[in-house]
Amino acid sequence: APGGGGLLPGIWGALKHVQTPGIKWDLKPERTKIKLRKRLFPLGLTRLTVGADYDPMAGEWSIKTSWKDTVIGGNLNIHGTELAMTKDFRVDDRNALSLKAAFDWHTKKSLIGFTLKPMMGLNAMSGSNRPGFSFRKRVPLTDNLDIELDSVVQIPEATYTTSSSAGVCLGIGDFCVDLRELNMVV
């Protein structure tokens, strides 16, 4: 009954004093590229990928090649004047240890190094001032066209607080969705 109280109006009245986190969207990717790729399977045990990336913001093309060996699982890449061999070792469900040996024939310098990198998919973030997840995923649109998304979702600090004004707060901060990279893969 209007104005007569009851359970539902009482709950609704209590919820008016509850503050919940909002959602902030940052949909301005730092990088957007058009990626053209052609995969060939020479020798049956290897995959040769030849392609080009176009950065419309910088107006630049870059040539990409990769030769993946299924026997040892490494990649042979040529980027500009650098020839590099990389091999990824899965550390856990979310991370891989990537070893790299490279030689730049223009500068005559060699490099041997390693890095810990997240795998494709949903990964917990570390080293950030707020908890969150990084998300990198390819979404097929057609047989020959994919959209590749690289984004971060930061989550609010999980807290329950009350104030003297009879309000309740469920979380400090907002959910922040940041689209860092958007690529079209052809």
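Here is a short tour, stop by stop.

Before you click, know that this is a predicted model: local features need pLDDT of at least 70, side-chain atom pairs count only at pLDDT 80 or more, and totals for chains, interfaces and linings use all residues. Numbering starts from 1 along each chain as its sequence is written, and side-chain values use heavy atoms, with hydrogens and water left out.

**Stop 1: Thr86.** Select Thr86, in strand β7, which covers residues 82-90. (Strands are DSSP runs of E, at least two residues, numbered from the N terminus.) Thr86 counts as buried because its relative accessibility is 16%; buried means under 20% relative accessible area, exposed over 50%, and partly exposed in between, with a 1.4 Å probe and protein chains only. Now show its contacts (heavy atoms within 4.5 Å): leaving aside neighbours within four places in sequence, you'll find Gly74, Asn75, Asn77, Leu99 and Lys100.

**Stop 2: Arg90.** Stay in strand β7 and pick Arg90. Arg90 is exposed, at 58% relative accessibility.

**Stop 3: Lys87 and Phe89.** Here the charged end of Lys87 sits over the ring of Phe89, 5.2 Å from its centre. (The cut-offs: NZ of Lys or CZ of Arg within 6 Å of the ring centre and within 35 degrees of the ring normal.)

Methods: Helices (H or I, at least four residues) and strands (E, at least two) are DSSP runs, numbered from the N terminus.
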